[in-house]
Amino acid sequence: MAERSFEREVQDLRLGAGEVFRGEGILAITKALLQSGVAYVGGYQGSPISHLMDVLADAKDVMDELGVHFETSASEATAAATLSASVMYPVRGAVTWKSTAGTNVAADALSNLASGGVTGGALIVIGEDYGEGSSIMQERSHAYAMKSQIWLIDPRPNLEMLVKMVEQGFELSEATNTPVMLEVRIRTCHVHGQFVAKDNKRPQFTLRQAMENPSRDVNRIVLPPASFLHEKEKLEKRWPAAVEFVKSRKLNETFGPSEGPVGIIMLGGLYNTVLRALQQLGLADVYGESAVPLYVMNVAYPMIDDEIVAFCAGKSAVLMVEEGAPDFIEQALNTLLRRRDIQTRISGKDVLPMGGEYTAQVVVKGLQAFLQTHALPMLGNQPPIPDPTPVLHHEKIKALAEVVPPRPPGFCTGCPERPIFAALKLTEKELGAHHISADIGCHLFSILPPFNLGGTTMGYGLGPASSSAFNVPADKRAISIMGDGGFWHNGLASSIGNAVFNKQDGVIVVVDNYYSAATGGQDIPSSRARNARRKTNNSIVDAVKGIGATWVRQIDRTYDVARMRDTFREALTTKETGPKIIVASSECMLNKQRRVRPLFAKAVAGGERVVKERFGVDEDVCTGDHACIRLSGCPSLSLKHTDDPLKDDPVAAIDSSCVGCGNCGEVSEAAVLCPSFYRADIVFNPTGWDRFMARLRGAVIGWLQHRRESRRIAFAD
Amino acid sequence: MSNGGENGLKRLSREKPLSIAILAMGGQGGGVLADWIVEVAESQGWVAQSTSVPGVAQRTGATIYYIETLPPRDGVPPVLSLMPTPGDVDVVMAAELMEAGRSVLRGLVTPDRTTLIASTHRAYAVAEKERPGDGTGDPVVVADATDFAARRVIAFDMEQLAVKNGSMISAAMLGALAASDALPFARSAYETVVGAGAKGASASLKAFAAAYDRTRSAPREAPRPPTPKRLDALPSHAGHPELDRLVARIRGEFPAEAQSLLFAGVKRAVDFQDVAYANEYLDRVGSLAALDRAHGGQDRHFALTCEAAKYVAVAMAYDDVIRVADIKVRASRFARLRNEIGAKPDQIVHSTEYLHPRAEEVCGALPAGLGAFIEARPALYGALDRFVNRGRRIDVRRLGGFLQLYLVSGLRTMRRGNLRHGREVAHREAWLARAIEVLPKNYDLAVEVLRCRRLVKGYSDTHSRGLSKFDRVMAMVPKLAGRDDGAQWLERLKRAALMDEAGTALDGAIKTVETL
């Protein structure tokens, strides 16, 4: 079950013609898929498109009614391969993932799919994880579209446009026998807006019909000589068909005056930002009126040469606004104009930065530079441009910069991964620092303070694979980390299988938190929850043993820090060769709390005897060294300034958000830190026996306490 | 076509959307707040767009939500921005003090237009918490900056207010926004939206109303520096003749400047051991006070005596197993614990203490001769360690657990003769001798030597690490004794020692001092 429930949003998927859909961009796309008569949807979760997967997972009833098959793919490669259903059969399919990370994984299938071509519409919704809020390397998915010849749609970021482009995308795919990518940026995925809905459509041709009436065409399979034919067909048939389709449907748009000394060409996704920049320069308004001619490429690939040429006609210069490197479109523009011998100057990355997110602030600067060179009079009546620099240069703000700490993401309160890294840190205190290969997932937060563990991250499920070279005799072993998500995505074969086969003499930790936690708590094969639609509860230990691993340790409570540490020590020092695999399992605390809290509240309300655990710190005992925090970083373990005039430094303090995971106590015990921590067990609805025993103990203990205190001379507090 | 721009300009509308940026930490409900604002705007017939970049920031990191809203114009949908432009934001809402600071650093808060609505509570970042000293950011610097940068500041502890009303900070922040009149919507519009929420609506409304009223009555809370230290005046009667004598000694023998600290020290010494120990403490500080007077302490507000009052108390009331056990079994502690965890009267509370004694602590608590005897025999010491060295979890609310710690705390009466005490005394005297030695040459440096006691803290490894840093800093004192700025340098060394666990900053600082 995913972290966020979309029960309410699922109802919006049922909206019929004329009703207004209000919500997030990514949900609008989901609704658009259903309005397009899609027959199957697959994908792999990840920001910023996790919600698309989550809402579909929650929308079982709607999907069943419409006869849409939904699959949580094992990886993006699986998702891309799923689209092969549309190769021979006129069924529409859509898949989704985070890009470019996911597109990298899917590339093999995508190349094959694009080569042979499709019959039914094949749409790939990619969440372009670029700029602020991104969690991956900064690259452009555009390159994949070009190299595999997949059409790339980059719509203006409003819901109406997104929906339209999903619908047009399927048609484009079918008209050109080519898969289509729909690129949505992070903010577009999360943009709240509205559009007028249409009725959902059942698929015209079903998967069942396809399975019962199989057809094949050897010319659609990527094998010589067909593969050479595919290349020819791509360039000679599918490309012109796409150009014709985009032109006739007017998928690209022009705004502003029909003529002008200069113009701006931009990708659809950047339209709002460019417009805001123009607005700040006094050259556009908030209702989309522009004083500069604008050509908006809602289709980023292929470029429609004739439209470009027409737009450039009569203009001395044109500015190309495309985000990220390389400047694929600017290069193409230059080639086009040179080929056609058109003298319009192309500006772009000369005035705009080559890399980084194009914010309004960045675009304003670029536009100013462009207009200064090519159309100075347009800058004439310029209103004051928002500029925070005088504020930022003030000494009070400079002093502030010294005080505001960075706040990167980290392990949540009670996270079961925290004790794993606390134990690893303790192990390193004994055995010295080791090379640690990290992976993708929540556990990657170990690279940040306070743990500062992990040297590289090479891809999902590739942590142990990235330790492959460190398989030579040495006094220390390399350690690799991998999450359960990465394990099932790719790690079982690429990392574990490889390590077993090559007798990799290292230590592999599989962090098993029962979910694909970093992407929002979706189920995976080893999830322990029962899921009616999937087969869960598949053991990671069985899987690694099945692939040939022999030294395998299962730890079923990661909070047992001493045991974690001892297991690390054993794995790092045992004489046994080959991979030493530690499967460290405890449920993701975010998900656990969501699961357990309502049950607890119900039990309390029902008068049941239940115990709630919470940790605390004796502030008189704590000396304010914060060694515990350096082995934790838990949000609920914080600091408190005391009024004790004899104490200089703030003491550790645990706030009410503590979920009683046990890490603090276990760490202070295993690391021999200090005796300040206590665990309080609060008994709700105590039984008669509880109360009797409490009274009895209270009487005896109270007597002893009173006895001592009465003999002691002390100041009244 | 050079007039094209001019022609275009004439047609352009001057309308601008209202822009609102929300800076929050993952898990604070920034998304809920953004949704509420959008719903309020839409319910009033305005067009509203919100966006966010949660990404992995949902896992406790800093994140931002952004909203633009404006009235519609004859069916023409506006083109709204998906991100705030620095210098172009009307309302910034920060769900924590340092996030307010971050919004200023991002340029989102400017004096010409921005209303800053900030909660002043602190959620310390790891970078602040992990320092061995006090790494917390100064709230006064943030307040200075926000007051300067914003057109208007509404700032108070919205978290506490929300919790008090059984709700989440998002509801309180919405109340502050409504009361700020930064958006042209009536209070009722907000309340309708909040009230329509599924569960927790009534609590949310309560928090909303409380924040609304608070914003109207006292919108700006003065920045709070960390909790002030409690310095009690000397009481006229302390409740026992022996205690009265102690108080009389403080009053009679010491300068006024040091008296409240001495009173705190005396209380600590009595609490740690007994009245005799407190007298011993006063004797020890008294001899330092005499030296202080002799070396011009009068003109320096008796700084040496004051610091001695503080740190000799700390050194005398060192952290040993007896003290820990003593604190854990007290009735006052039982009551405080219940209070801290918020247990209701009808609930039963157990508490498990996490202790990890080692042979070192056991020997320390033994009579000096016996303890030293064992320590000198590695085999015996090792055997003892194997026997005691493991984590022990003790429930002090059960008789068995209570008695264990009760007995350990009972060793207090024999403390003065134990091995640890002898060592503590020796260490203390060496430290004080160092201060006395430099006093004639360099008064300020002597004061600073006393302050270096701050480096000794913690238990077991932490304690040894602290001691080693203390020793390394102390070793620099002879080098600094002849310098006028010696005290500043020693202070810098002390600060460096409190920067990180490994002592990297201290290494650097020592290198610098060595090149002086």
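The model is predicted. Chain A holds 25 helices and 24 strands. An open four-stranded sheet draws strands from chains A and B. Helices of the two chains also pack on each other, with α18(A) against α5(B).

**Chain A overall**
- The C-alpha trace of chain A spans about 100 × 70 × 60 Å along its principal axes.
- Chain A has 717 residues, and 55% of them count as buried.
- Take the contacts in chain A with a separation of 6 or more: 79% of them come from residues 24 or more positions apart.

- The edges are β21 (610–617) of chain A and β8 (392–395) of chain B. Each has a single partner strand, so one side of each lacks a neighbour in the sheet.
- From one strand to the next, the twist averages 25 degrees.
- Within chain B, β7 (residues 348–355) and β8(B) run antiparallel and are joined by four bridges.
- Thr352(B) sits opposite Asp395(B) of β8(B).

**Helices on that sheet**
- Helix α24 of chain A, residues 663–670, lies across β21 and β24 (677–684) of chain A and β7 of chain B. It runs at about 145 degrees to β24(A).
- Helix α15 of chain B, residues 331–341, also packs on the sheet. It touches β21 and β24 of chain A, plus β7 of chain B.
- The direction of α15(B) makes about 110 degrees with that of β21(A).

**A parallel pair and its crossover in chain A**
- Strands β19 (residues 551–555) and β20 (residues 580–585) of chain A run parallel, joined by five bridges.
- Trp551(A) stands opposite Lys580(A), which belongs to β20(A).
- From β19(A) the chain passes through helix α22 of chain A, residues 561–573, to reach β20(A). This β-α-β crossover is right-handed.

**Helix pair between chains: α18(A) and α5(B)**
- Helix α18 (residues 395–403) of chain A packs against helix α5 (residues 139–149) of chain B at an angle of about 140 degrees. Their axes are 9 Å apart.
- The two helices are therefore oblique to each other, and their crossing is left-handed.
- On the α18(A) side, the meeting residues are Lys396(A), Ile397(A), Ala399(A), Leu400(A) and Val403(A).
- On the α5(B) side, they are Val141(B), Val142(B), Asp144(B), Ala145(B), Phe148(B) and Ala149(B).

**Helix pair within chain B: α20(B) and α21(B)**
- Helix α20 (residues 419–438) and helix α21 (residues 443–451) of chain B pack at about 170 degrees, with their axes 8 Å apart.
- That angle makes α20(B) roughly antiparallel to α21(B).
- Arg434(B), Ala435(B) and Val438(B) in α20(B) meet Leu445(B), Ala446(B), Val449(B) and Leu450(B) in α21(B).

**Gly127(A)**
- Gly127(A) lies in strand β5 (residues 122–128) of chain A.
- Gly127(A) counts as buried because it has 30 C-beta neighbours inside 10 Å, and 20 or more is the cut-off.
- Leaving aside residues up to four places away in sequence, Gly127(A) touches Pro48(A), Ile49(A), Lys98(A), Ser99(A), Val184(A) and Cys189(A).
- Ala653(A) is 526 residues from Gly127(A) along the chain, and their C-alpha atoms are separated by 40 Å.

How values were computed. Residues are numbered from 1 along each chain as its sequence is written. Chains are lettered from A and ligands numbered from 1 in the order in which they are written. This is a predicted model: local features need pLDDT of at least 70, side-chain atom pairs count only at pLDDT 80 or more; totals for chains, interfaces and linings use all residues. Two strands pair if DSSP finds at least two bridges between them. Axes are lines fitted to C-alpha atoms, for helices over the stretch in contact, and angles run from 0 to 180 degrees between N-to-C directions. Two residues are in contact if their C-beta atoms, placed from the backbone, lie within 7 Å. A crossover is right-handed if, with the strands pointing away from the viewer, the path from the first strand over the helix to the second runs clockwise. A residue is buried if 20 or more other C-beta atoms lie within 10 Å of its own, exposed if 12 or fewer, and partly exposed in between; C-beta atoms are placed from the backbone. Angles under 35 degrees count as roughly parallel, over 145 as roughly antiparallel, 65 to 115 as roughly perpendicular and the rest as oblique. A crossing is left-handed if the near helix is turned anticlockwise from the far one by less than a right angle, and right-handed if clockwise.
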